[in-house]
Amino acid sequence: MEFLREKQARGFCILLAALCVWQIVFMGLSGMFQAYGLRKELVKREKAAASYLLEKEVPPSLLASAWNHMEVTAEGEAFMEKIGHTESAQSWLLLLAGQTSVPMFLFLFVEGLLFSSALLVCAVVFLKKRERLYEQAEEVVAGYADGRFGGHLPDEGTGAVYRLFGKVEQLSLSLRAKGEAERRAKDFLKDMISDISHQLKTPLAALGMYMEIMEEEIENPEMMKTFLQKSVCSLERMEQLIQALLKMARLDTGGIVFEKRHCFASEITAQATEELLQRAGREEKKIVMDGAPDEQVFCDAAWTKEAVENLVKNALDHTEAGGTIRIGWSHSPALFRLTVEDDGCGIAPEDIHHIFKRFYRSQSSRDRQGAGLGLSLAKAIVEGQGGMLSVENAPGKGSIFRASFPTA
C-alpha cells in the first residue's frame, strides 16, 4: 500500500471507502424497509383471514391451533394444490412481494444513481487536482530545461509522485551545478586568454625592439651581445609566465591530483631554495633554515616545493641587501606549520587584502620583475591540499607567511 503515503491518493481512497460504507448502509436499510413492508402486509392478510373465519363461527381455540400448527400433511398439500397455492403458482405472497418491490426498486435505482454520480464527481475532482499538479511540474521542468532554476517542484507531500519530484529536483541541482561549472570554465578560459595576451604583450614588444636594434647594430658585436642577452631574458620571462599560467589553469580547473605522503620538511625547503641561494648571494641576502631536520609534513612534495619557492622568491623581492629570509617549521597534533619570514619593507595596509589575487602588483613592486602570480599560485597549492596560507605583516619591518597543513 505504498501509494497511500501520498496525501491526495490517501484522501481519495478514504472518500471512496466512505461512499462504499454509505452505499452498504443504504442497501441494508432498504432491505430492512422492504422486509418491514412485507411483514406488515402479511400480518394484515392474517388478520383478514382470521376475521373471516371468526365470522363463520370457527372456534377461536381451533383458529389459534391452526395458526401455530407447523406439521404439513398430505391432505393439506392436496388442498393447497386444489386452490392453486403451490410453489409454481403465483401466490398472494408473491403478489405482495411484487407490490412492494416496485417502489423499492425505484428507491434503489435513485440511490445507486446518486452513489455513482458522487463517485464520478470525486474521481473527476481528484484527477483535476492531479492534472494541475502535473501541469505545474511540467512548467517547472520546462524551466529547468531552459536554464531557469527559480521554480521548484511541489515537495509538501509523500508517496511515489513526490519521490519522483524529489529525484527531478536533485537532477535540476546537478544540471545547475554543471551549468555553473561550464559558465565558470568559459569565464576562466576567457580571462586566461586575456591575461596571457596582456602579460605577454610587454616581453614580446621588448623582444621585437631588441631584434630591430640588433638588425641596425649588426656590425657592433658588443651591442649585439648586450641585446642578445636582453632577448634571452625576455624569452625566459615569457617561459616562466606561460608555465605559471598553465599551472594556475590546472589548479583552477581541478586538473591536479595531489599525491600526498609523509615528506621531510628539511628536504622540501632545501630543494625549494637550491637555485635561490645563488641569487641571494648575488644580492647580499641570507636564507636561513630553522626547524628540526626529522620533522615530516603530509603533502605532495613537488607541488609544496613550488609553493615554498614562490614564497621565498617573494621574500627576496621585498628584502633589501643585507636582509635575511628565515624558513621555519613546527609540528602540533593537528597541524604542521611552515613559515617564510623576511625583514624587508613589509606590506602596505592598502595591499594586505589583495596580495593573493592573481596579477596583483603593489605600488612598491612596480619596479621589480614578476607578473604577480607567485603568491596566488602558492595559495592555490596549499589550499588544494586542504591547508591554509595566511600572512602576518608589520609595515617597515617585514612579513611572515604561514602555510598550515593538516596532519594525516
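Is Arg402 buried, partly exposed or exposed? With a relative accessible area of 28%, Arg402 is partly exposed, where buried means under 20% relative accessible area, exposed means over 50%, and partly exposed lies in between (1.4 Å probe, protein chains only). The structure is a predicted model, in which local features need pLDDT of at least 70 and side-chain atom pairs count only at pLDDT 80 or more, while totals for chains, interfaces and linings use all residues. Residues are numbered from 1 along each chain as its sequence is written, and side-chain values use heavy atoms, with hydrogens and water left out.

The protein chain contains ten helices and seven strands; these are DSSP runs numbered from the N terminus, helices being H or I of at least four residues and strands being E of at least two. Of the 408 residues in the protein chain, 30% are buried. Among the contacts with a separation of 6 or more, 69% are accounted for by residues 24 or more positions apart, a contact being heavy atoms within 4.5 Å.

Strands of a sheet pair through backbone hydrogen bonds, either parallel or antiparallel. In this model, five strands form an open sheet with mixed pairing, in the order β2-β4-β5-β7-β6; two strands pair if DSSP finds at least two bridges between them. The edges are taken by β2 (286-290) and β6 (388-394), each of which has a single partner strand, so one side of each is left without a neighbour in the sheet. From one strand to the next, the twist averages 15°. Strand β6 runs antiparallel to β7 (residues 398-406), and seven bridges join the two. Within this pair, Ala394 stands opposite Gly398 in β7.

Two helices are placed against the sheet. Helix α9 (residues 301-317) lies across β2, β4 (324-331), β5 (335-342), β6 and β7, and runs at about 25° to β5. Here axes are lines fitted to C-alpha atoms, for helices over the stretch in contact, and angles run from 0 to 180 degrees between N-to-C directions. Helix α10 (residues 374-384) also packs on the sheet, where it touches β6 and β7, and its direction makes about 135° with that of β6.

Two packed helices are described by the angle between their axes and the distance between the axes. For α6 (residues 221-252) and α10, the angle is about 35° and the axes are 10 Å apart. The crossing of α6 and α10 is left-handed, a term used if the near helix is turned anticlockwise from the far one by less than a right angle. At this contact, Lys247, Met248 and Leu251 in α6 meet Ser376, Leu377, Ala380 and Ile381 in α10. By class, the contact has five nonpolar, one polar and one charged residues; Ala, Val, Leu, Ile, Met, Phe, Trp, Tyr, Cys and Pro count as nonpolar, Asp, Glu, Lys and Arg as charged, and the others, Gly among them, as polar. Glu306, which lies in helix α9, touches Lys247, Leu377 and Ile381, not counting residues up to four places away in sequence. Glu306 is buried, with a relative accessible area of 16%.

Seven salt bridges are found in a search of the whole structure, each defined as a side-chain nitrogen of Lys or Arg within 4 Å of a carboxyl oxygen of Asp or Glu. Since Glu392 lies in strand β6 and Arg402 in strand β7, the pair ties together parts that are ten residues apart in sequence. Glu392 is partly exposed, at 42% relative accessible area. In another salt bridge, the closest N and O atoms of Lys379 and Glu383 are 2.7 Å apart. Both residues lie in helix α10, four residues apart, about one turn of the helix. Lys379 is partly exposed at 21%, and Glu383 is partly exposed at 40%.

A network of salt bridges links Arg279, Glu283, Lys285 and Asp317. Glu283 counts as partly exposed, at 27% relative accessibility. Glu284 lies in the loop between α8 (276-282) and β2. Although Glu284 is not a glycine, its phi is positive, at about 60°. With 57% relative accessibility, Glu284 counts as exposed.
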